[in-house]
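Here are my notes on this one, written as numbered points. Keep the viewer open and click along as you read.

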Amino acid sequence: MKKRFVNALIAGVVASAMMAAGCVSAFADEAATEAVTEAAAEEEADEEEDYTTGDASLDKVRNEDEIGENELLVLSFGTSFNDSRRLTIGAIEQALEDAFPDYSVRRGFTANIVIDHVERRDGIHIDDINEALDRAVDNGVKNLVVQPTHLMNGLEYDEIVGKLAEYSDSFEKVVVGEPLLTSDEDFDTVADAIIEATAEYDDGETAICFMGHGTEAESNAVYAKMQQVLTDKGMENYYVGTVEAAPSLDDVLAAVGEKEYKRVVLRPLMVVAGDHANNDMAGDEEGTWKTAFEEAGYEVVPVLEGLGQLEAVQQVYVAHAQAAIDSLAE
């Protein structure tokens, strides 16, 4: 039976790996950084967690067998915040299932530290990327469509593509959808979605600030681009910053301080409202975005809603998955 590997991006990653062995360590470094920064609370929370993240049993983990020939595997970094996981990643998965009834939608997380924490705390297992791909192989999947829920085409997205290359001979066809912010149309759609989601706060006296993760990779430019898109739409009281890179919290504080606002609304520019949103953004400890703006004299309103809760954002992922599925026929 003829095998067909139809994603040029995967081929590019393989070629790059052969040409530059340093890419392997770069991917590993990125994965390690993500695991530490996005899921640091998970590592210590087994004994010290004193907050509730919601009922894990309400979340659909999507690790069933009997997949059939067509699978749509949704790969996410993941979060141990149960309600946010269900309302963001779960909602994206459901939107994809509704849009593609001929495909079995399954879940995989790339952060094993998140998977391990959820299993220890809640007794619920979520497949990691290897388990999810092995499940597809064992179930005889022929056409595998992978849709990452990542915000950008960064190193972690490339790592996923590289992992899929290892399984290219296990399926007849494999395709990968684009991350959330890829085309100019994607930026425009997401900008409109977050403007609509925060319209109730836009009273002329409020700065609306979005906190992204940030990365040292070139893909960090998505934050500056989103800022420009918002500004071009006339939303001059909208600000974009990051936890790990530029623009930093200090940059956002300085920009907001140039105008006379009374209130600051904080919202994550992340698919989920997980550890960063709850702790680095909305936490009450010294150094969080909330306390920094309060110390600067503002009334602060944190909004713990991930981008994945927005229907327009869910439909961007549907469009990217549709493009990937369409490429199967090429």
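1. Let's start with a term. A nonpolar core is a set of buried Ala, Val, Leu, Ile, Met, Phe, Trp, Tyr and Cys residues joined through side-chain atoms within 4.5 Å. "Buried" means under 20% relative accessible area, "exposed" means over 50%, and "partly exposed" is what lies in between (1.4 Å probe, protein chains only). With that in hand, look at the largest nonpolar core here: it has 58 residues, and L72, L180, M226 and L230 touch the most other members. Helix α14 (residues 311–327) gives the most to this core, namely seven residues. As background, nonpolar side chains tend to be buried together in soluble globular proteins.

2. Some housekeeping before we go on. This is a predicted model, in which local features need pLDDT of at least 70 and side-chain atom pairs count only at pLDDT 80 or more, while totals for chains, interfaces and linings use all residues. Residues are numbered from 1 along each chain as its sequence is written, and side-chain values use heavy atoms, with hydrogens and water left out.

3. Now the overall picture. The protein has 14 helices and nine strands; helices (H or I, at least four residues) and strands (E, at least two) are DSSP runs, numbered from the N terminus. Of its 330 residues, 53% are buried. Contact means heavy atoms within 4.5 Å. Among the contacts with a separation of 6 or more, 81% are between residues 24 or more positions apart.

4. Back to L72 for a moment. Which residues does L72 touch, leaving aside neighbours within four places in sequence? The list includes L96, F100, Y103, V145 and A321. Also on it are S104, V105, R106 and Q147.

5. Next, strand β6 (residues 206–212). Seven of its seven residues are buried. Both faces are covered: T206, I208, F210 and G212 sit on one side, with A207, C209 and M211 on the other. As for partners, two strands pair if DSSP finds at least two bridges between them. β6 runs parallel to β8, joined by six bridges, and A207 stands opposite V264 in that strand. β6 also pairs with β7 in the parallel sense, over five bridges, where I208 has Y238 as its bridge partner.

6. After α6 comes G123, with a positive phi near 70 degrees.

7. On to the aromatics. Rings of Phe, Tyr and Trp (its six-membered ring) pair if their centres lie within 6.5 Å; planes under 30 degrees apart count as stacked, over 60 as edge-to-face and the rest as tilted. The structure holds three such pairs. One of them is Y239 with Y261, edge-to-face at 6.2 Å centre to centre and 85 degrees between the planes. Y239 lies in strand β7 (residues 238–242) and Y261 in the loop between α11 (249–257) and β8 (263–268), so the pair ties together parts that are 22 residues apart in sequence. Y239 is buried at 8% relative accessible area, and Y261 is buried at 11%. Another pair is F293 and Y298: the centres are 5.9 Å apart and the planes at 65 degrees, so it is edge-to-face too.

8. Finally, some backbone details to check. A246 and P247 are joined by a cis peptide bond, with omega about 0 degrees, and P247 is in the loop between β7 and α11. R62 is not a glycine, yet its phi is positive, near 55 degrees; E66 has a positive phi of about 55 degrees. Is each one buried or exposed? R62 is buried, at 3% relative accessibility, whereas E66 is exposed, at 76%.
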